[in-house]
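I'd like to walk you through one structure, a stop at a time, so please have a look at it while I talk.

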Amino acid sequence: MRAFVIGLMMASAAVPAAAKTVAVEEVSIDQLGAMMAEGQASSVDITRAYLARIAAMNRRGPGLRAVIAVNPDALAQAKVLDAERKAGRVRGPLHGVPVLIKDNIETADRMATTAGSLALKDNVTGRDAPVVAALRAAGAVILGKTNLSEWANIRSSHAMSGWSAVGGLVKNPYALDRTACGSSSGSGAAVAASFAAAAVGTETDGSVVCPSSINGLVGLKPSIGMVSRTRVVPISHSQDTPGPMARSVRDVAVLFSAMVAADPADPATAGAMTHDYAAGLSTSALSGMRVGVIRPEMSAAVAARYDAALAVLRAAGAVLVEVKQPKLEGIGDAEFTVLKTELKADMNAYLAATPAAVTARTLDQVIAFNKAHAAEEMPFFAQETFEAAAKTQGLDDPAYQAARATSLRLAGREGIDAMLKAAGAQLLVEPTYAGAWLSDPVYGDQYDGPSSSELPAIAGYPNLTVPMGLVKGLPVGLSFIATRNGDATVLGAGYAYEQRAKARVAPRYLAQADVGAGLEGTR
């Protein structure tokens, strides 16, 4: 409990004085590395600058509530990395660069891993998830933990994205009354607000690409098996994956390159393709590439932005082929059966291995905890998905196994793969999401628009979202989707698009979306 309280206090506390003034707003990983290489700033200076920005804006100022806890050991880590650089050892482009970690991913630092729930407030494990260990080995400073939709948005289908009992409600830096989406809400808002150059989120279905799109970021939901899920609070071993989030494709590629690794404890990663994904980025990647164009239902304003993005792809040399998304009857129900069943099995296994201080050690006990602490845990929405998951019959249940086979077939062979084949294409594009909806504690998430996440999430295929501009002051993203292990393909295409489009706009922290004066009428 003490480490958890220390982290919360530091997330809003003043940063010690006597630090060199370093401008970190909208600064890339490469620019941070250049600062350190040229002696303009140290990792300690940069870490202090981010801590100061978090202190000024996380609970004060716009009150983004994007960070649950800052790492009490971050400055000490930065000091060690500065000493290594001075001694001539530079581990790579992340050496000395502070990154944020979603608070459902364990770190060995003195911070709890809460998944936003008070049931895990004492989950101080003292161990790194392999993905964090890989980032640390690459020289990253673990700056802190980001807020999230509690339990990664799986507790209820009527939830308000971005809210957790531990962290409160994450606000969108573009319009503070709007959602930051979820479940990697804090990672999205924090990077958009330059609390760090990059962050790690996690996705089961939409939880990286939605907050990335809605917060004006680049976000990669990798192929399943590229990044370890060990020591990550789980939902589904079939669909869960950590993913990198940043303000540019290059920064995402740099972070992703450090995250990819085989993990003996996660058999899905046996074939993880370790590679420098940033080295191969080229502005000519789209030249001659056949791209399947999906046109879901969307507003006229989003369609206009999408058409402008398609024009950029065409100008970059892409051959665009319209594809019709097949009707995949039953895919949603099949996915939900899979998620409920795996949630119970995977969560019980995770909770059983938590420290003794964590008293809720099964999904049933978490449900009971929430009922006993309903005023704090369930002020806005209930836990009907948890309760449904608790009634599932396990991984040997024929109904579960059939649902998994159905969802895989529909999303993969009859979905993405069929569209790629019909177009003779290497990848597909479509709008990621429309702009952010209002955060609503009464009715929960209210969204009716395009969404690119379902098929690649179920199939385990990569989905990269890249900013394609603003609609009524709110960011919208363009998704690049490929078949399994096509991560380098989507990164290359996304980079070529990004470098031509230059579509990202920095946030302005407006109280509400900039929709003009029409609401006031003419008199």
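Let's start with the link between Cys181 and Cys210, which is right-handed, with 100° about the S-S bond. One thing to keep in mind all the way through: this is a predicted model. The two sulfurs of Cys181 and Cys210 sit 1.9 Å apart, and they form a disulfide. How many disulfides does the count come to? The count comes to 1.

So where along the chain are its two ends? Cys181 is in the loop between strand E5 (168–169) and helix H6 (185–192), while Cys210 is in helix H7 (residues 209–214). That puts them 29 residues apart, and the pair links distant parts of the chain.

A bit of background here: most peptide bonds are trans, and most residues other than glycine have a negative phi.

You'll find Ala152 in the loop between strand E3 (141–146) and strand E4 (163–164).

Counting cavities of 30 Å³ or more, we get 4, and the largest cavity holds about 60 Å³. Ala152 is one of the residues lining that largest cavity, and others include Asn104, Thr202, Arg229, Val232, Pro234 and Asp240. Sort the lining of the largest cavity by class and you have 6 nonpolar, 4 polar and 2 charged residues.

How much space lies in the largest pocket? About 1300 Å³. It has 43 lining residues, and the closest to its centre are Asp205, Glu335, Tyr433, Ser451 and Ser453. Two elements give two or more residues to this lining, namely helix H10 (331–352) and helix H15 (454–459). Which one gives the largest share of the lining of the largest pocket? That's H10, with 6 residues. By class, the lining of the largest pocket splits into 17 nonpolar, 18 polar and 8 charged residues.

The second largest pocket has about 420 Å³ of space. Of its 18 lining residues, Arg229, Thr230, Val232, Pro234 and Asp346 are the closest to the centre. The classes for the second largest pocket are 9 nonpolar, 3 polar and 6 charged.

Last stop, a pair of helices. Two packed helices are described by the angle between their axes and the distance between the axes. For helix H9 (residues 300–315) and helix H16 (residues 487–501), the axes come within 9 Å and cross at roughly 110°. Are they roughly parallel or roughly perpendicular? Angles of 65 to 115 degrees count as roughly perpendicular, so that is the word for H9 and H16. On the H9 side, the contact is made by Ala309, Val312, Leu313 and Ala315, and on the H16 side by Tyr497, Arg500 and Ala501. By class, the residues in the contact of H9 with H16 are 6 nonpolar, no polar and 1 charged.

Technical notes. Residues numbered from 1 in each chain as written. Predicted model: local features only at pLDDT ≥ 70, side-chain atom pairs only at ≥ 80, totals over all residues. Heavy atoms only, no water. 1 Å grid on protein atoms, 1.4 Å probe; cavity = no way out; pocket = protein on both sides within 12 Å on 5 of 7 lines; lining within 4 Å. Points joined across faces, edges and corners; volume = space filled by probe spheres on them. Nonpolar A, V, L, I, M, F, W, Y, C, P; charged D, E, K, R; others polar. Axes fitted to C-alpha atoms, helices over the stretch in contact; angles between N-to-C directions. Helix = DSSP H or I, 4+ residues; strand = E, 2+ residues; numbered from the N terminus. Parallel < 35°, antiparallel > 145°, perpendicular 65-115°, else oblique. Contact = heavy atoms within 4.5 Å. Disulfide = S-S within 2.5 Å.
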